[in-house]
Amino acid sequence: TLASASSSSDSDTGGASPPPRKKHRASAAEGAGDSSMQANGAGQGQETGDLSCLNSAQNGESSSAGHSNGLLSSTDNGNSGGTSNGASTGPGPGSMAGSTSSNSELKKKKRLTQAEEDVIRLIGQHLHGLGLNQTVDLLMQESGCRLEHPSASKFRNHVMEGEWDKAENDLNELRALMHSPNAIVVSSLWPKPETNCRMKFLLLQQKYLEYLEDGKVLEALQVLRGELTPLKYNTDRIHVLSGYLMCSHAEDLRAKAEWEGKGTASRSRLLDKLQTYLPPSVMLPPRRLQTLLRQAVELQRDRCLYHNTKLDNSLDSVSLLLDHVCSRKQFPCYTQQILTEHCNEVWFCKFSNDGTKLATGSKDTTVIIWQVDPESHQLKILRTLEGHAYGVSYLAWSPDDTYLIACGPDDCSELWLWNVQTGELRTKMSQSHEDSLTSVAWNPDGKRFVTGGQRGQFYQCDLDGNLLDSWEGVRVQCLWCLGDGRTVLASDTHQRIRGYNFEDLTDRNIVQEDHPIMSFTVSKNGRLALLNVATQGVHLWDLQDRVLVRKYQGVTQGFYTIHSCFGGHNEDFIASGSEDHKVYIWHRRGELPIAELTGHTRTVNCVSWNPAIPGLMASASDDGTVRIWGPAPFLESQEADGLNENCSNMDS
């Protein structure tokens, strides 16, 4: 929360300084009509680019050389008439008195801390960006601070005015202020170009492009051959730049170079790049206050237990006057619908990849396809797929959601491949009556799948059930195909997950647990695996580093097969069923549950989070029902209550 204004402001009014400043500004405005002088500088780019706010009196500079707040005079740009504000080169009638008064008061005030100076500079930069230059002048004069070093300010002005020779000369003055003494090219030698500064190269590149846009081909060619090439830096880029000589007109050049063209926009972008090589004490990074505020908002969102919406990087979408708070009432913790169409235990549920459908499999031998209403998020039956004599314990949608594969329990040797669009059975596959096909996973190409079971079967098949490959002796508990299209992960009866490559027939150990892995699922990016481990609960593994990341607490897991899932926006959440009849939800970074959902009356076998609607979740239970979870109803009337709920920090 932003702090209130300091009470010391009553004594820091600056004495008699503000009234003379207003008078001085008025005279500057009256002189704006002079054809030799702009209201705020010698050229329009001066106002945009000039950020030097060093108090001239405090730094011993002559007031004739600058604005009363240190802004460079027009003489710096080669014009001899007047100061930056169009007034006479001498001090205004009240400015010296005001400056003396201000300085005497500054001596009486305590010295500002570094943090206070930084805040003043940040505020000054932000106000300048809003065009409130007079306010910036007064702030800097009264505080005795400056926005940037005078050399950097002069450099900024020359870049914004397109005075490239002067800007190059400024680099020599900036040498002592740079991060590295080798930052500027001063000879034909270029040590370690990949780590050194590109400031001169960037300046000359802009100069070259502007010459080309103006039709000054000979001058551009001279810059390319006589200035850029001798740097012996980024020769690939120089070849690209030389190709722009063939552009027939300015529009063609801007399109090929992906460049805004000569003017304030491209020069401001150039400055943003250039100032990354200068320390912030010399020149502030662009829009620094907005960056800090955005980081603060993002950090609050990251720490919010229930934040489940897409992040908007715009500060306009949030209030900076309140801490970020998401209410539990906005989270899918409330039963929205109870689906009772199954007449026996429901073993599995899975939303389609596009989130428009839900498939549920039951001991009653049926699979029901449900349609999700995009507005109300209510579900209704689309079709029922029948004939699975042993019941349906696992379901897998094809990548394009055209097909659905259904598997049965341990004693089932058959696999069904359904066309969801038509409701027709495309393939009923069974290699042997001795097989046990209890798990399945689709290859990302949608043309193949792998299946297996605990009796040692591990097959790769096409859509017609034809056997493409097989792996002998692997007792499969659960399967997953990675995004590379080659690697298949399989948990087996040795309490491990191994990676199998069907192309080169290699395999490797990835995860080793101390107890049986009943099921597992993998995050969209393929980096994390979520395991339900017998008697242990839910474990999160990093597949790349092959380390156990976290053990989630609360869930009751014996030797039943329970399926957990990633979910929510950016897969920030984890949900799992439990043998204590509850659904548990954790934030991925916290071990303790943030929600325990009650309603089922028997073991919850499976939980599925809608991949397209972060606030929608389904759970399947032995009580014969499927519950659909969503935000609290009548959310609008409860928003006021939600503001009072705090999102505490998670224990990691």
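Trainee: Which residue is the bridge partner of tyrosine 334 in β28?

Mentor: In general, strands of a sheet pair through backbone hydrogen bonds, either parallel or antiparallel. Here, tyrosine 334 has glycine 630 of β28 as its bridge partner. Strands are DSSP runs (E, at least two residues) numbered from the N terminus, and two of them pair if DSSP finds at least two bridges between them. β1 and β28 (residues 626–630) pair in the antiparallel sense over five bridges.

A word on the source: this is a predicted model, where local features need pLDDT of at least 70, side-chain atom pairs count only at pLDDT 80 or more, and totals for chains, interfaces and linings use all residues. Residues are numbered from 1 along each chain as its sequence is written, and side-chain values use heavy atoms, with hydrogens and water left out.

Trainee: In what order do the strands of that open sheet with β1 run?

Mentor: The order is β1-β28-β27-β26, with antiparallel pairing. β1 (334–339) and β26 are the edge strands, pairing on one side only.

Trainee: And which strands stand at the edges of the sheet with β2?

Mentor: That open sheet has four strands in the order β2-β3-β4-β5, again antiparallel. β2 and β5 (379–385) are at its edges with a single partner strand each, so one side of each has no neighbour in the sheet. Five bridges join β2 to β3 (residues 357–362), and lysine 350 stands opposite alanine 359 in β3.

Trainee: Which residues lie nearest the centre of the second largest pocket?

Mentor: A pocket is an open set of points on a 1 Å grid over the protein atoms alone, where a 1.4 Å probe fits, with protein on both sides within 12 Å along at least five of seven lines; lining residues have an atom within 4 Å of a point. Here 48 residues line the second largest pocket, and Lys350, Asn353, Trp480, Thr521 and Val522 lie nearest its centre. Strands including β2 (346–351), β14 (476–481) and β18 (517–522) each supply at least two lining residues.

Trainee: How much of the protein reaches a pLDDT of 70 or more?

Mentor: pLDDT is the predictor's confidence in each residue, from 0 to 100. In this protein 77% of residues reach 70 or more, and the mean is 80. Over residues 1–100 the pLDDT is below 50, and over residues 635–652 the pLDDT is also below 50.

Note on methods: Contact = heavy atoms within 4.5 Å.
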